[in-house]
Amino acid sequence: MRTSAGEDLLEAACILRERKKGMPTAGEVASLLFVSPENVRKEALRLEEGGYLRLINDDILELSEKGIEEGMRIMKKHRVLECFLSEILGMKRSAASEEACILEHAISDETTRRLEGFMTLPRGRGRRLQRGRKRIPALVDFPEGTDLKVLSVLCPGGCERLGDLGILPGEVVRIVHILNGKAVVVRVKGCDIALSPEIASSILVERME
Amino acid sequence: MKIGLIGNPNVGKSLIFHQLTGIGVEVSNYPGTTVNLLSGALCYGKERIELVDLPGIYSLDGRSPEEEIVRNFIRNGDVERLVAILDATHLERNLYLLLQVAEYRIPLIVVLNLMDEAAKQGIEIDSEKLSSILGVEVIPVTAIQGKNVQEIVPAVLFRSRIPGITVPYDLHIEAAIRSLVTIHGVSRVAALQALQGTAVTGDLAESAATLAAEIEEAHRMSVPQIIAGNRHHCAGRIADRVVAKRQQAPPGSLESILASRVSGPLILTFVLIAILLAVFFIGSFLEELLVGAFESLAIQPFLSLDPPPLEKQVGLAVLLAFQAGLGIAFPFIFTFYIFISLLEDSGYLTRAAFLADSIMHRLGMHGQGIIPLILGFGCNVPAIMSIRLLRTRRERVIASFLVSMVPCSARTVIIAGIVAAFAGIGAALSIYLIIFLLIIGTGLALSRITPGERYGMILELTPLRVPRPENVIAKSWYRIREFLLIAMPLLVAASIVLGLLQYAGFFDLFAKIIAPFSETVLGLPGYATTALFFGILRKEMALETLVILSGTADLGSVLTTGQIYVFALISVLFIPCISTVGVLLRVAGARVTFLVSLYTLILGICIGAIINILII
């Protein structure tokens, strides 16, 4: 039977294993988890019984295949949860990470899979939120006269007209006018196109240097 | 032989059509004014040609009504040749549509219009090179001066060719097209459209959807976006090879003032108020002249003939209808349309739509919705017709309600004729204020409760141009024709019915029945409410009927100021006139028409009752 502490240990060991490309020590794991090395050793012995790892010289943790698989699974859950909490729910990254540490032990594989699927949908709101580590700015976030490169157009349905007018990923557009209500006029291929705020805010852009 | 004119909005298609056929069609500087297909006949040698002016579109794969009309038209093989009209000042964007048209493999020629403006902007186009790239004849034209327009017809008749250019699509798209073509035996065009999910059903749609999903997964972009990207890329490469631009045209300072955040809304408000005032004064001036002339030239001679009572009643009704239609409504409406056509042709109307976008959003529409509302001040009939330009049913429903409440010129006549005359100009303005508040309130409420999808505005701002007088007059005439052909016959018919009812003594009977309700709820004598109800047939007739029924033109002597105010307010709010109801039925359907009528009826009575309690 695995405990939260055990899962934390496996996860930490996996992280360290990747980071230093070698076997982690109990001290290293302890400092990553903010617990004492004694506790780590105690937990490691318990995991050794389950066949997840071998404790060499009472210090070095050698993960078994089963242990690596388990650690990676927890790591993955942690990442998915952290991403969901920060990118989609808008929590601070540090708070999201802390919360993910708690939730990762309770969440089922099924839920993780679906959550991940939700965030990587080819269309839909999940994708834009997950893709960038920080929010990608939209057309409406820039002042008049800025030249911008379109990164993606998220307008769901009914916006083929934008593509027909040349507002497509990769195209360079210039903001000609922007009103207080955030309706904008952009110049694309020499033509001025007026856009409602909700459409302009679904066009993600980056500033041209 | 049937020949279609195809091109983006605002490239001068209608102008060329007009010059080739001589029919007075609308030549417009507002995207999407040609919704119905206009066709005209002409002869060249022995060949009889039917020329069809197709609505301006940006793409053949979209889902807007105009795009569907054009797609069906050219796909069903109705058309034998095409004239593709391109705007020389925006060649790249225009080539995008041409590349799509080329896929239909219909013999065509290309007309490069607006060569004069291109030259002014320092753009030079090598039309021979363009011709060899596209594999079809290219004719440079300046339609506004009529330059080279005469070459179009012989060229399309004798030298049309199927374009040799094809867009190289992305490998995955090409592979998908190949498999759709092999499995389902459809054309390349049909396969492309199926991949984009337009205009397909059944097995083809199913396999196309599967393929499209795979491509989207791999590209992280929707199929329409990939296809549009490929086409734009191809159009851009062609444009690079044939266009030489000497210098960048400086941005117009007028342009920046008209649509800027600070001065734009101020100018818009000023322009609209100025137009309403100008129409009010010019209209009243012309009305006096025309009504006076009508009185002395038609009505007096008719009365002096002293016909028998029934004939006299009917004859008078017809004359009064013409007097009201031509003498009262016409001056206001025509003046109004001249101003609107000026706004439209100068390119200001699209800027007005842009500026009004955020306000119109609150009312449940978007920027383009302001056009029908403005038109409604002239006559609700053409305003309702223009509702067809709105993209979603939701917007059309909301616009139907709001436009029907806009005080048209006939209602202006009532407000000016009795309220301003008997209760003062302040009272007249307060009626406008009440109506505007009610329109805004109705819009706010409807935007919450009307079902349906919302789309935002995606609108090309048309270039600012100096309007040409003959176009302005032609367009005003085109609009007024809708009033004359649809509203006038109904006006005359309604007037005759009213005359007969009056002859049969029906009014007195109605007045007796309605009197208890009228006096207690609205505080109006029975005959005034009778006049109100018959105002449904014709708005300004409410005033006339009131004069006839009360037996005096000096309404101040029989009604109190408060009663006059209530009468005017109710008649302005009341069910739209019968002509508006007729057009609403055609444009918005029976259900919406019924709801609009019921709503305005209830609103009129309620507001009347409230004002009655407050001030009488």
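Residues are numbered from 1 along each chain as its sequence is written, while chains are lettered from A and ligands numbered from 1 in the order in which they are written. Since the model is predicted, local features need pLDDT of at least 70 and side-chain atom pairs count only at pLDDT 80 or more, but totals for chains, interfaces and linings use all residues.

Let's start with the overall build. Chain B has 26 helices and nine strands; these are DSSP runs, with helices (H or I) of at least four residues and strands (E) of at least two, numbered from the N terminus. The radius of gyration of chain B, 28 Å, is close to the 25 Å that the globule rule gives for 616 residues, so the chain is as compact as a globular protein of that length. (The radius is taken over C-alpha atoms, and the rule is 2.2 Å times the number of residues to the power 0.38.) Along its principal axes, the C-alpha trace of chain B spans about 85 × 55 × 50 Å.

Of the 616 residues in chain B, 49% are buried, meaning that 20 or more other C-beta atoms, placed from the backbone, lie within 10 Å of the residue's own.

Now for the sheet. Six strands of chain B form an open sheet in the order E2-E3-E1-E4-E5-E7, with mixed pairing; two strands pair if DSSP finds at least two bridges between them. At the edges sit strand E2 (38–44) and strand E7 (138–140) of chain B, each pairing on one side only. From one strand to the next, the twist averages 25°, with axes fitted to C-alpha atoms and angles running from 0 to 180 degrees between N-to-C directions.

Zoom in on E7(B): strand E5 (residues 108–113) of chain B pairs with E7(B) in the parallel sense over three bridges. Here Val110(B) stands opposite Val138(B).

Finally, look across to chain A. The contact takes 33 residues from chain B and 29 residues from chain A, where contact means C-beta atoms, placed from the backbone, within 7 Å. Several elements of chain B give two or more residues to this side, including helix H3 (91–102) and strand E9 (458–461), but H10(B) gives the most, with five residues. A strand pairing also crosses between the chains: strand E6 (residues 191–195) of chain A and E9(B) pair in the antiparallel sense over four bridges. Within E9(B), Ile458(B) is the bridge partner of Leu195(A).

Terms used: A residue is buried if 20 or more other C-beta atoms lie within 10 Å of its own, exposed if 12 or fewer, and partly exposed in between; C-beta atoms are placed from the backbone. Two residues are in contact if their C-beta atoms, placed from the backbone, lie within 7 Å.
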